[in-house]
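Thanks for coming, everyone. Please look at the structure with me for a few minutes. I'll start with one stretch of the chain and then widen the view.

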Amino acid sequence: MLSTVSRQLRSHPALIPLFIFIGGGCTMSLSYLARLALRNPDVCWDRKNNPEPWNKMAPTDQYKFYTVNMDYSKLKKDRPDF
């Protein structure tokens, strides 16, 4: 299979950027999916030791991937303790 792809790339060099961008897009989407699965407070992998991880989040913790004009260090706690 790889020999067929490499033969096609040698005969049609215009396909090389297509393979690069498709591979980069797949890599970025898989890394973002892994980040969501591992860093998001809504996902609970260990129900025994930490059944509600969203309650342990401080108001100054940034869990969003990208925020515009938001300073998390100045936020105050606005929810009750459980």
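This is a predicted model: local features need pLDDT of at least 70, side-chain atom pairs count only at pLDDT 80 or more; totals for chains, interfaces and linings use all residues.

Now the whole chain. How many helices and strands are there in the chain? There are 2 helices and 0 strands. Helix H1 covers 2-11, and helix H2 covers 16-39. The chain has 82 residues, and 4% of them count as buried. The chain exposes about 7,600 Å². Carbon and sulfur atoms supply 62% of that area. On to contacts between residues at least 6 apart in sequence: 14% of these join residues at least 24 apart.

Leu-15, Leu-18, Phe-19 and Ile-22 make a nonpolar patch of about 360 Å². Let's take two of its members.

Leu-15 sits in the loop between helix H1 and helix H2.

Phe-19 lies in helix H2. Phe-19 also counts as partly exposed, because its relative accessibility is 44%. What does Phe-19 touch, leaving out residues up to four places away in sequence? The answer is Val-5 and Leu-9. Take Leu-9. Phe-19 and Leu-9 are 10 residues apart in sequence. In space, their C-alpha atoms are 9.3 Å apart.

To recap: Phe-19 is part of the nonpolar patch, and Phe-19 touches Val-5 and Leu-9. Thank you.

How values were computed:
Residues are numbered from 1 along each chain as its sequence is written. Side-chain values use heavy atoms; hydrogens and water are left out. Patches are made of residues with over 30% relative accessible area and no salt bridge: like charges are joined within 9 Å, nonpolar side chains (Val, Leu, Ile, Met, Phe, Trp, Tyr) within 5 Å. Accessible areas come from the Shrake-Rupley method with a 1.4 Å probe; for residues, only the protein chains shown count as cover. A salt bridge is a side-chain nitrogen of Lys or Arg within 4 Å of a carboxyl oxygen of Asp or Glu. Helices (H or I, at least four residues) and strands (E, at least two) are DSSP runs, numbered from the N terminus. Buried means under 20% relative accessible area, exposed over 50%, partly exposed in between (1.4 Å probe, protein chains only). Contact means heavy atoms within 4.5 Å.
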